[in-house]
Each structure stands twice: as C-alpha cells, then as structure tokens.
Amino acid sequence: MTFDPEECTDWEDVCKLGEEMEGSLAVFCVATYGEGDPTDNAQELYDWLKNGDVDLSSLNYTVFALGNKTYEHYNAMGRFVDQRLEELGATRVFQRGEGDDDANIEEDFVTWSEALWPAVCQRFGVDSALDTSNVREYAITVHSDLSPERVFTGEPLRLGSFANQKPPFNSKNPFLAPIRVIRELHKGGERSCMHVELDIAGSRLNYVAGDHLALFPSNDPRLVDRVGELLGVDLDTVFSLTSTDEAATKKTPFPCPTTYRTALSYYVDITSPPRTNVLKELAEYATDPKDKEFLLKITSSSDDGKHQYREWVLEDRRTLVAVLEDLPSSQTSSGPPGGAPASTPGQILLHLLLTQDEPDVSPRHAVLIDYTTRTGRRNMGVATGWLKRHQQKVQNGEVVLAPISIRHSSLRLPYHSSKPVIMVGPGTGLAPFRGFIQDRAAAKQSGKELGETVLFFGCRHRAEDYIYEEELEGYRDNGVLSGLQVAFSRDQADKVYVQHLLRESGAAVWELLEKQGYFYICGDARHMARDVMGALLELIQDNGHMDSQAASEYVKKLQKRNRFLQDVWS
C-alpha cells in the first residue's frame, strides 16, 4: 500500500502497525527541502517524530532518502527519519538508501532496491521467485456518458475550483491571478529573462518579502498533441485511473475522471527524461527485436546499461516524445504478448507518468529555459515556456490567468530595520533581494532607522543582462542601498564573480557582521553558493584572526541565530 504522509489522519496508528499486521514493513521515501526542512506533505510526520515519545518496537522499517549533494544539508530529512525511528525502538530491516538528484537519483534507487528485496525476502520468508511483474497499481476505466461538469479540467484537487474560486488559496487550491505584465529584462544577447507582474487583489494570499510564487503551468499543447499522435490515443477520451488496492489511501494518481489531453497537459510530466521503469514498460510493446533489446539493456542494472541510459537518455535529454520518435516500433497500439489487458501504450504510460510539475517561478522575474539538445531537438522549460507562450497575449491586452500559490521561504529580513543586511544574489538570485530592498525603501520612507543594506549582484555583461540597472542604482543614489557591488563576469579578460567582490570588501563585510548584521545567499548551489561560502570563511579568518575551524563555528552560530540564510537551487 502506497500513501502520502499528509493523508495519515493519526500517526499513532504507526505504533500498532507491527502488532496488527504480521510481517509488515514500512518503507519511508523522504525528500529534503530548503535548508534541511521537510517537504510540505511530511511536516506532520516530522513534528510527530521530533516531539513524540512513543514505542515503535513493533515497527519494521527502512528509509530511502532523496536529496541533492549540491545543497549543504544533503538528505537531512531522510537521515533524521531513519535515526529517529531507531531511537523510538523501531527495527531497521535494511540500511538507508540515499539518492543524489545532482547525479542520477534513479540509478541510486535501483541499486538500493535491488539489494533491498533479497534482504526483505530473507527476513520475512518470502519466495523471491514469485512473479509480480504484471500487477498494475491502477486500473483504467473509459467513460462515454459523463457530463462535462463531472470531468476535471486541470484543477489540482477540488472539481470546478478553477471555475468557482473560493479561498483559502494554497498549493491544493491555486488562485487564478491575472497577469498584468510580462516583459523582457535583458537588453541584448541570446538569453532571456522575463519580468512578470500578477494581480493578487482579493485573494487573501499572505505574501512576505522573500517568499516564492509557485506557478501551476501546463505543458506545451504541441507536445501534448505529439504524444497523442505517437501513441495513437484519442486525447479527448474521458477516463479514470483507480487504485487496484481497495485499502489504498490514494485512490487516483491525479484528479479523475479527466481526459487524456488534460492529464498530459496538467498532471503528467512529459518534458523530463523518462525513468527506467517507464522505458522497461515500453519495451513490452516494441515490435522490433532490436528496439526491445535496447530498451531492456538501458533499463538493466548492469554497468553498461546504466552508462547507456545516462548517455542516450539523460545526456541527450530525450523526452518521452524523443524516445518514441527514435524507437518507432514502440508506438504500436496493440497490447503486449501473453494475454495482458488490452490497454494501449498510451494508457499504460499514464499508469506510470504520475508526477505533476509545479515549478517555482522566482518572484517578479524568471530566466527562460530554452535549449537545443545533442540530437538537435528544442527543449523548453515547463513554467518559463508557459509564460513565453502567453507573453504576446498579455502585451495585446488579453486576459491571461495564472494558477498560483505562495511558498514561504526561509529568507526573512530582520525584525528591526536598523540591523545591517548583506545580500549575495547573481542572476535570478536577485529576486528575493529586490523584495528586501523595496521593503527597506518603504521603511526608510516611513521614517524608520535603516541599517546598512549591501547588495552583491552578478551578471555576464553590463550592456546585456544587468537587470533592473536603473532601479538598483536609483536605490543606491537615494541611500536605501548603502553598497551596490556588481560583478560583470565577461566584460574583461579575467572573469569576475560575486565571490571576488566579496573578498575585496572583506573588512567592510566583517564589520557589518560584527554589528549584528544578517548575511543572505540566493542562487546557484552547485558553484556560486559554495564559492561565496568559501569567500565568507576566508574573510572571517582574515579579519577575525581565526583559524578555519573557528571561522566555521562562527558561521554556524550565525545560522543558529538565523543571521546566515540561504535559498539556493541546482
């Protein structure tokens, strides 16, 4: 039985799991969000484990943690759940697995699970030779007589919530905000960065400077049509997927009943490289033996198979459409051999493609993801592509509604505006800091004392991508920004980044830290955040006359006091 932790109505039932279900095993798949935080749907589980004092001696468990090594708090939540369950008396049946999304989290999971099942079978006396490969988690039903009012059209939870908007608005009930402005920020070059303004009047949404705006986009209609064409699916067919497990808490993978077109547009990820389980399923439908052999090989656990999957799928950035186009024999609409249910590949794939994209759009502006793969195909980001497709409509005065919700961030300005703040945010990392600066400007205008406000910003070329140049320099001129340091990385022979400017201003930054200043980083986790952290530690050592260990302890103290905060992504 698979269930979402936020659907658990009473976590005390976990205490009875081993007593009431002999031979039971709980597998916790736990992701880490932000600065080592639980995801929204795991918050109650986290609170229960952290604050509870229960006896879990009857619980058998194992944990697979999902994270990204470019973040400082790698797999913090998975490690916490694993440790806390053991402390409460639960029995760890198999060692914790850890997936790194910066590398290949799918491969990490497959490697872990291949070792997991033999251990589980041995412990519980299960015959590992039993074949369960044809078991379907969801059964499909095609509807021919449902009225349109009973069919979901993209709503994430409540039927008709887009047509009949009711607060409170959140991730399960997004607000349809009119887009007032979409304009280009870059002054030249091939890259694009869009400034977006939305009207949230009347929504009762609580937005604080530093928060994220989550956009619920839809996939490109042309890509959706292409999937339907390749799989031979009538996209306007109304269907439902229902769990085959009567005890399952999650009855459907996404809102049903709906149409294939809606599912492929709103509920299914068709732009990311398909996982190995999808490709392995597709192999059952390939009529060309070479296509079948190739699909089975790249989904195998062999080193050669893993290498080919990385090369052919991940590095070539093949989407589902690209795979079907390059392996045309897998497009057949006939069922697999062996008397399996007469479902088309399109229906079977919908059993497997159950992830819904809800990409974050940085407040006020977002960089357009638009690139050509090694196979010559053009790929676009889901959220930024959606905005780009609607840009001309907005400019023409048409009404475009964006489904949005607010995601609260760990970045917060100090309560007292007199406290100094140091902000480091190149590129779109400027987003929350622009809100910070506007907040400080309002405080200054109302007569409040304003502490030093310093921004380290970076871009490639002053003439091309120095976004909000006039605005930022205006804040500097009127005293809201006491310091504006801009690194133009490619305007000279030797590249200059924000960390270089931070080192040059080491003495001034140290002085602000010693005056109870707050230090913020926003942007790329893989390179920038690490390099900035290195520069920060160096300036603390140099100006505070400390060794490396003492400097690290100094930063840890800042973190504990919420004076060192990051919002980074890979």
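**Contacts, a helix and cavities**

Visitor: Glutamate 325 first. Which side chain does its side chain join in a polar contact?

Guide: That of arginine 377, at 3.3 Å. A polar contact is a pair of N or O atoms within 3.5 Å; within protein, one must be able to donate a hydrogen and the other to accept it, and residues adjacent in sequence count only if both atoms are side-chain atoms.

Visitor: What sort of model is this?

Guide: A predicted one: local features need pLDDT of at least 70, side-chain atom pairs count only at pLDDT 80 or more, and totals for chains, interfaces and linings use all residues. Residues are numbered from 1 along each chain as its sequence is written, and side-chain values use heavy atoms, with hydrogens and water left out.

Visitor: Back to glutamate 325. Where is it found?

Guide: In helix H10, residues 320–326. Helices (H or I, at least four residues) and strands (E, at least two) are DSSP runs, numbered from the N terminus.

Visitor: What does glutamate 325 touch beyond its sequence neighbours?

Guide: Arg226, Leu230, Gln331 and Arg377, leaving out residues up to four places away in sequence. Contact means heavy atoms within 4.5 Å. Leucine 230 is 95 residues from glutamate 325 in sequence, yet their C-alpha atoms are 7.6 Å apart.

Visitor: Why is glutamate 325 classed as partly exposed?

Guide: Because its relative accessible area is 29%. Buried means under 20%, exposed over 50%, and partly exposed in between (1.4 Å probe, protein chains only).

Visitor: Threonine 373 next. Where is it found?

Guide: In the loop between strand E14 (370–372) and strand E15 (378–380).

Visitor: Why does threonine 373 count as buried?

Guide: Because its relative accessibility is 9%. Its side chain makes a polar contact of 2.8 Å with the side chain of threonine 375. Setting aside neighbours within four places in sequence, threonine 373 is in contact with Asp316, Arg317 and Asn379.

Visitor: Now helix H4. Why does its span agree with what its 20 residues should give?

Guide: Because 1.5 Å a residue gives 28 Å, and the end C-alpha atoms of H4 are 28 Å apart. The expected span is 1.5 Å times one less than the number of residues.

Visitor: Which residues of H4 are buried?

Guide: Ile105, Glu106, Glu107, Trp112, Ser113, Leu116, Val120 and Cys121. In general, an α-helix has 3.6 residues a turn, so residues three or four places apart point the same way.

Visitor: What do those buried residues of H4 pack against?

Guide: Strands E1 (26–33), E3 (60–67) and E5 (97–100), plus helices H7 (276–283) and H9.

Visitor: And the two ends of H4?

Guide: At the start, a side-chain oxygen of asparagine 104 comes within 3.2 Å of the backbone nitrogen of glutamate 106. Just after H4, glycine 125 has a positive phi of about 70 degrees.

Visitor: How many cavities of 30 Å³ or more are there?

Guide: Six. On a 1 Å grid over the protein atoms alone, a cavity is a set of points where a 1.4 Å probe fits but cannot get out; lining residues have an atom within 4 Å of a point. Grid points are joined across faces, edges and corners, and a volume is the space filled by probe spheres set on the points.

Visitor: What is the volume of the largest cavity?

Guide: About 80 Å³. Its lining includes Asn104, Glu106, Thr276, Lys306 and Tyr309. Helix H4 (105–124) and helix H9 (303–315) each supply at least two lining residues.

Visitor: How do the lining residues divide?

Guide: Three nonpolar, six polar and three charged. Ala, Val, Leu, Ile, Met, Phe, Trp, Tyr, Cys and Pro count as nonpolar; Asp, Glu, Lys and Arg as charged; the others, Gly among them, as polar.

Visitor: Which residues does a cis peptide bond with omega of about 5 degrees join?

Guide: Proline 167 and proline 168. Proline 168 sits in the loop between strand E6 (138–143) and strand E7 (175–184). The bond from cysteine 256 to proline 257 is also cis, with omega near 0 degrees.

Visitor: What about phi at asparagine 75?

Guide: Positive, about 55 degrees, although asparagine 75 is not a glycine. Most residues other than glycine have a negative phi. Asparagine 75 lies in the loop between E3 and helix H3 (76–87), and is buried at 1% relative accessibility.

Visitor: And asparagine 562?

Guide: Phi there is positive too, near 60 degrees. Asparagine 562 is partly exposed, at 47%, in the loop between helix H19 (548–560) and strand E21 (564–569).

Key: On a 1 Å grid over the protein atoms alone, a cavity is a set of points where a 1.4 Å probe fits but cannot get out, and a pocket is an open set with protein on both sides within 12 Å along at least five of seven lines; lining residues have an atom within 4 Å of a point.
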